[in-house]
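Subject: Handing over the model

Hi,

Here is the structure I promised to pass on.

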Amino acid sequence: MSDHPPPPSAGSVPAAETVRLCKRYGQIKAVDELTMTVPAGGIHGFLGPNGSGKTTTVRMLLGLIPADSGTMRLFGEPVPARLAQVIDKVGAIVEAPKFFDTFSARKNLALLAQAIGAPLSRVGEVIEQVGLAGRERGDFRTYSLGMKQRLAVAATLLKDPQLLIFDEPTNGLDPQGIHDFRATVRQLADAGKTVLVSSHILAEVQQVADTVTIIARGRTLAEGPVATLLAAGSDPVRAVVTDPARGAELLRAAGLDVRSDGRALLVTRGDAALDPALVARVLGEGGLWVSELSVLRRNLEQVYLELTGAVGGAA
Ligand SMILES: Nc1ncnc2c1ncn2[C@@H]1O[C@H](COP(=O)(O)OP(=O)(O)OP(=O)(O)O)[C@@H](O)[C@H]1O
Ligand SMILES: [Mg+2]
């Protein structure tokens, strides 16, 4: 663990990039001028709701389907034109990979290593790396979903790629499996790899990603370090009152922005910090008792809702 690589610098070549990438399926614009930069080194979350174009984008990057227009690069090389030159630097799980049911993890990996020309000595190493050691001899069909997923990750590591692309890797995993996956991804990033993780669960990826691209309907909404995105707005003050419509009126009259989460009022003041005491005072002076008052820590889910304007209005 002593040979940590230097952190990615602003001048380094991104691991992956798309510029104004487009893909249409009939009338559906699956990917619509999508621009994304995945910096070299670290974990990059590729986030968007179901059907927003994540898998389609990843498949185009990997040369599995053609793009309609736009450009893509992997390690600075234009793809698909020069995909053959860079594909060995990339390991990916896009769809559930196929393994032989009656073979063990070790045997499946050994076969795969042979097929792709990776040294057999890698098999033991990757089994260690994903935490399958001790379980690598049972038949694949007896493995839990979490173990199958570890094996899938192990398979991508055989060639020791620089960039790992995992599309919705935690789908179906239990909390322990998700936790273990995060730990594996963190280790890979700490070892100098770039990991691109797509997910529709923004809050979950927030915990592990260094940088993110947030998309909706095939378009980029926001991109950058997680910390920067979270810092770009103010944390809402959440207040519960008996008459929310009246409460919203009072707060707006005091120059505050008010939304509702269905049960409570979410109050902000532009991008400025808001003292919860002010909210309590405005409501109290208007004759409304506040039964709950708290400051919400914004997460990427809220950032997403703010960006799409999808937060329910208070009135
Ligand atoms: N082969 C296809 N034929 C027709 N439409 C497709 C095809 N693949 C994807 N689409 C459509 O393109 C849009 C984007 O799909 P995509 O699978 O890329 O989204 P996603 O972000 O990966 O979603 P999810 O979170 O559900 O995996 C969706 O409307 C989807 O129905
Ligand atoms: Mg998908």
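Predicted model: local features only at pLDDT ≥ 70, side-chain atom pairs only at ≥ 80, totals over all residues.

Residues are numbered from 1 along each chain as its sequence is written, and chains are lettered from A and ligands numbered from 1 in the order in which they are written.

**The six-stranded sheet**

E7 and E8 belong to an open sheet of six strands, in the order E6-E7-E8-E3-E9-E10, with mixed pairing (two strands pair if DSSP finds at least two bridges between them). E6 and strand E10 (219-225) are the edge strands, and each pairs on one side only. On average, neighbouring strands of this sheet are turned by 15 degrees against each other, direction ignored. Axes are lines fitted to C-alpha atoms, for helices over the stretch in contact, and angles run from 0 to 180 degrees between N-to-C directions.

Helix H1 lies across strand E3 (42-47), E7 and E8, at about 145 degrees to E7. Helix H11 (residues 300-308) packs on the sheet too, where it touches E3, strand E9 (211-216) and E10, and its direction makes about 40 degrees with that of E9.

Is Gly-91 buried or exposed? Gly-91 is buried, because 23 other C-beta atoms lie within 10 Å; the cut-offs are 20 or more such atoms for buried, 12 or fewer for exposed, and partly exposed in between, with C-beta atoms placed from the backbone. Leaving aside neighbours within four places in sequence, Gly-91 is in contact with Thr-156, Leu-157, Lys-159, Pro-161 and Leu-164 (contact: C-beta atoms, placed from the backbone, within 7 Å). Gly-91 and Leu-164 are 73 residues apart in sequence, yet their C-alpha atoms are 4.8 Å apart in space.

**The four-stranded sheet**

Another open sheet has four strands in the order E2-E1-E4-E5, with antiparallel pairing. E2 and strand E5 (77-79) stand at the edges with a single partner strand each, so one side of each has no neighbour in the sheet. The twist averages 30 degrees from one strand to the next.

E1 and E2 pair in the antiparallel sense over eight bridges and form a hairpin with two residues between them. In that turn, Gly-26 has a positive phi of about 60 degrees. Strand E1 (residues 16-25) is also joined to strand E4 (residues 69-74) by five bridges, again antiparallel. Ala-16 shows both pairings: this residue stands opposite Val-38 in E2 and opposite Leu-74 in E4. H1 turns up here as well, lying across E1, E2, E4 and E5 at about 115 degrees to E1.

**Around the ligand**

What surrounds ligand 1? There are 13 residues in its shell, the closest being Tyr-25, Ala-30, Asn-50, Thr-55 and Thr-56; a residue counts as near if its C-beta atom, placed from the backbone, lies within 6 Å. Strand E2 (28-38) and helix H1 (54-61) are the elements that give two or more residues, and H1 gives the most, with three. By class, the shell has three nonpolar, eight polar and two charged residues. Here Ala, Val, Leu, Ile, Met, Phe, Trp, Tyr, Cys and Pro count as nonpolar, Asp, Glu, Lys and Arg as charged, and the others, Gly among them, as polar.

**The whole protein**

The protein has 11 helices and 14 strands, and its C-alpha trace spans about 75 × 45 × 45 Å along the principal axes. Buried residues make up 36% of the 315 residues. The domain assignment, which comes from an automatic or database source, gives domain 1 (16-225) and domain 2 (237-297). Their centres, taken over C-alpha atoms, are 42 Å apart.

Best wishes

Notes:
Contact = placed C-beta atoms within 7 Å.
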